[in-house]
Number of protein chains: 2
Amino acid sequence: MPASQYDVLGIGNAIVDVIARTEDDFLIQHGMHKGTMALIDEPRAEAIYASMGPAAQISGGSGANTIAGVASFGARAAFVGKVKADRLGRAFTHDIRAIGVTFTTPPALDGPATARCYVLVTPDGERTMNTYLGAAQNLTPADIDERAIAAAGIIYLEGYLWDPPQAKEAFRKAAEIAHGAGRKVALTLSDAFCVDRYRDEFLNLMRTGAVDLIFANERELHSLYQTSDFDTAVAALRADVTLAVVTRSEKGCVILAGPSGEAVPAAPIDKLIDATGAGDLFAAGFLTGLARGKDHKTAARLGALAAAEVIQHLGARPEVSLKDLAAENGMPI
Amino acid sequence: MPASQYDVLGIGNAIVDVIARTEDDFLIQHGMHKGTMALIDEPRAEAIYASMGPAAQISGGSGANTIAGVASFGARAAFVGKVKADRLGRAFTHDIRAIGVTFTTPPALDGPATARCYVLVTPDGERTMNTYLGAAQNLTPADIDERAIAAAGIIYLEGYLWDPPQAKEAFRKAAEIAHGAGRKVALTLSDAFCVDRYRDEFLNLMRTGAVDLIFANERELHSLYQTSDFDTAVAALRADVTLAVVTRSEKGCVILAGPSGEAVPAAPIDKLIDATGAGDLFAAGFLTGLARGKDHKTAARLGALAAAEVIQHLGARPEVSLKDLAAENGMPI
C-alpha cells in the first residue's frame, strides 16, 4: 500500500451556517425538534430567516467541520462536497481552503444556490438546525476522484449524505475505492432523525463491512437500535462494527473495539455557548489521532479537546489552532 | 416640539463585516495600521480576502452597530444607510430589522455591491479594518427623510460619512433638519485617520454648532488637535463643543460638559476577545441614557456596560439583550 497523500478525506454536504440566538418559544412556534436537524425547502428557509434574529454566517456542514478540524490539528485533510459558484459558495470555498484543507470539487454553475443551515441556538447552548440542501443535492459519483480517495488513510463520510438523491452513490463509490486501496472507511450517523430515515441502510453498511468505524451520539444510537436502553444499544453496536465511538456530551465518550469498551471523560469547559459542531470536532480529533498512529484513548482525548474548544464559541469550526491546543495539553500531533 | 417617534436615528455606512483571526505578522505583511480603518478598492478587497483566514460574516458598520445597540436597550431606533439589493444587502437589512431597528432606506438596484469590511482580529483582541465602501457610496441627500429626522430625539452621525462623496451632504441636510426641529445632533469622530482626512471640516462642524455632542477615543482626540498631550486636547475639545465623551478603553471615559469633567470607569470583563464595536456600543448606551433622560454619568455607565458586552465575543453587535443587561445592573431603561 503506497504512503497516504491525505490523513483524512471527508465527503459531505457543503453548507454555510446562518446562526442566531433564540428562545425556546421560537422552536415551539415553528414546530422544530430541539437538538435535531430538519430538511427544509426554499420557502420554509425564507420564512425561518424572516422570523429569526440577527444572524452570523459561518461555514459549516458536518463533515466539512470535521475535516476543517483535522486540518487545524495539522494533519493532511481533503474535502469533497458541492457548492454553487455564488457568494456563499465562494465563502465556503475560501474558509475551508484557508484552514488548510484541499478542496477541489468543481462548483455547480447553475441550479439551486449553495446550501444553508439555519441554526437556532437556545440559552442552554443547544442548537436546532434547519437545512436547505440547495447545490449540495448535485454531488454525484462523478465528483469522486478515484486517485484522491485511494490516497487517503481514512475516508470519512456523513450519514447526512443519504439525504441528497445521488450523494449516497458517491458515498458507496468512495467506500469501495477506499477498501480496494486498503484504506479505512468511517461513518458518522449524523442525527437521530437521519438514522430514522435510513436505519436499514446504515445497519446494512455496518454489517456488510462497508464501514470500519462508526461515530454516534446517544440519541443516534438509541434511534439506530430503537431502544431506550443504553447497554442494549451498545451491545448491538459492538456486534455490528469493528470500531465505534459513542459520544455522550458532558459524560465523555465510550470506545467500543471488539470485546473491549473504554470510557474517556469530556474535556473541561468554562461555559457552553453553542453546541454546534461538538460531534463533528470530536470526530476530527479521533480521526487525526487514528491517522497519526495514536492509541484509541489518546485519539478520544484529542476528540474531547477539539469538541470542548468548539462549544465555547458561536460556530462549528475551531477558532484556535487545534495543533497548538493539543501540544499545550501534552498530545503533540 | 412634538413628542419624538424615535429616541435615536443614526446615519452611517451600511456594511457587513468579514471577520477573521490573524497574527500580527499578517498586518505587517499587508501594510496595515493596527487598530485603524483603511479604505480599500475592490482588487485590494479580493487580495485581502484571498490571503486571510476562515471568516465569519456579521453585520457591522459603525453607526449601524450603535443603532442596533440602542434598539437592544429597548429604545426606539432608526437607521439610514445604503446597501445594494444583493445577498449581503439582504443580510444587513435582515439583521438590523431583526434587532428592532426601523430601516427603510431603499437599496441600490445596480452599481457596486453592498459594502464589506475585512476585520482582522489579532491575539490581543485589537481589530484592524479594511473597508470596501461599495453601495454605501450611493447614499445621497435624497435618502434623508425629513419627517423621520425631525421626529427623532437625537440624530447620530458617523465621521466615516465624510468618505463617500455625497454622504456628507446627506449628513449636513440631516443636521439642519434636526436642529430646525429642536433636536440634538451627535457625531462620532470614527477613526484617527478619518479625523486626519477631515480635521478642518470636523472642527468647523463643532465650532459652528452644527453638532451638539462629540464621541471620540483618545487616538481620535489626539489626531483632531494634533497633540500628544491628553490634557491639552481635552481643554481644546471642551472649548469647541457643548458636550463630549472621550473613551479611553480599559481606563473608562471622561464626560466633558461645559466647565465640568467627570470620569466613569470601564465595566469589568472576563476576557477581551474582539475590540470591534467597543466605541460604537459605548455610544449606544450613552445615547440611550441621554434620550431617556438619565444623567450623564448613568448614560456613560450604560455605554460602558454595552461596550463590555460586545468586546467579549466576535462581532460588533450585542449578542444578549442590553435591556436585560442594564436591568440586571440596576439601570432599567
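Two residues are in contact if their C-beta atoms, placed from the backbone, lie within 7 Å. By that criterion the contact between the two chains takes 19 residues from chain A and 19 residues from chain B. The model is predicted, so local features need pLDDT of at least 70 and side-chain atom pairs count only at pLDDT 80 or more, while totals for chains, interfaces and linings use all residues. Residues are numbered from 1 along each chain as its sequence is written, and chains are lettered from A and ligands numbered from 1 in the order in which they are written.

**Symmetry and the chain contact**

- Two copies of a chain are related by a rotation about an axis and a shift along it.
- The contact takes 19 residues from each of chain A and chain B; strand E4 (56-60) and helix H4 (87-98) of chain A each supply at least two residues of the side of chain A that touches chain B.
- Helices (H or I, at least four residues) and strands (E, at least two) are DSSP runs, numbered from the N terminus.
- H4(A) gives the most to that side of chain A, with five residues.
- The side of chain A that touches chain B divides into nine nonpolar, five polar and five charged residues; Ala, Val, Leu, Ile, Met, Phe, Trp, Tyr, Cys and Pro count as nonpolar, Asp, Glu, Lys and Arg as charged, and the others, Gly among them, as polar.

**Helix pair H10 and H11 of chain A**

- Helix H10 (residues 278-291) and helix H11 (residues 296-310) of chain A pack at an angle of about 145°, with their axes 7 Å apart.
- Axes are lines fitted to C-alpha atoms, for helices over the stretch in contact, and angles run from 0 to 180 degrees between N-to-C directions.
- The crossing of H10(A) and H11(A) is right-handed; a crossing is right-handed if the near helix is turned clockwise from the far one by less than a right angle, and left-handed if anticlockwise.
- The residues of the contact of H10(A) with H11(A) divide into 15 nonpolar, five polar and one charged.
- The residues that meet include Leu281(A), Phe282(A) and Phe286(A) in H10(A), and Leu302(A), Leu305(A) and Glu309(A) in H11(A).

**Core and buried residues**

- The largest nonpolar core has 246 residues, and those with the most contacts inside it are Val8(A), Ile155(A), Val8(B) and Ile155(B).
- Such a core is a set of buried Ala, Val, Leu, Ile, Met, Phe, Trp, Tyr and Cys residues joined through C-beta atoms within 7 Å.
- A residue is buried if 20 or more other C-beta atoms lie within 10 Å of its own, exposed if 12 or fewer, and partly exposed in between, with C-beta atoms placed from the backbone.
- Leaving aside neighbours within four places in sequence, Ile155(A) is in contact with residues including Leu9(A), Ile149(A) and Val185(A).
- Leu157(A) is found in strand E9 (residues 152-158) of chain A and is buried, with 29 other C-beta atoms within 10 Å.
- With the neighbours within four places in sequence left aside, the contacts of Leu157(A) include Ile11(A), Phe171(A) and Leu187(A).
- Arg116(B) lies in strand E7 (residues 115-121) of chain B and is buried, with 24 other C-beta atoms within 10 Å.
- Not counting residues up to four places away in sequence, Arg116(B) touches residues including Ile15(B), Leu88(B) and Tyr132(B).

**Loops and positive phi**

- Most residues other than glycine have a negative phi.
- Phi of Ser190(A) is near 75°, a positive value; Ser190(A) lies in the loop between strand E10 (184-188) and helix H7 (192-207) of chain A and is buried, with 28 other C-beta atoms within 10 Å.
- Phi of Gln226(A) is also positive, near 45°; Gln226(A) is found in the loop between helix H8 (218-225) and helix H9 (230-240) of chain A and counts as exposed, with 11 C-beta neighbours inside 10 Å.
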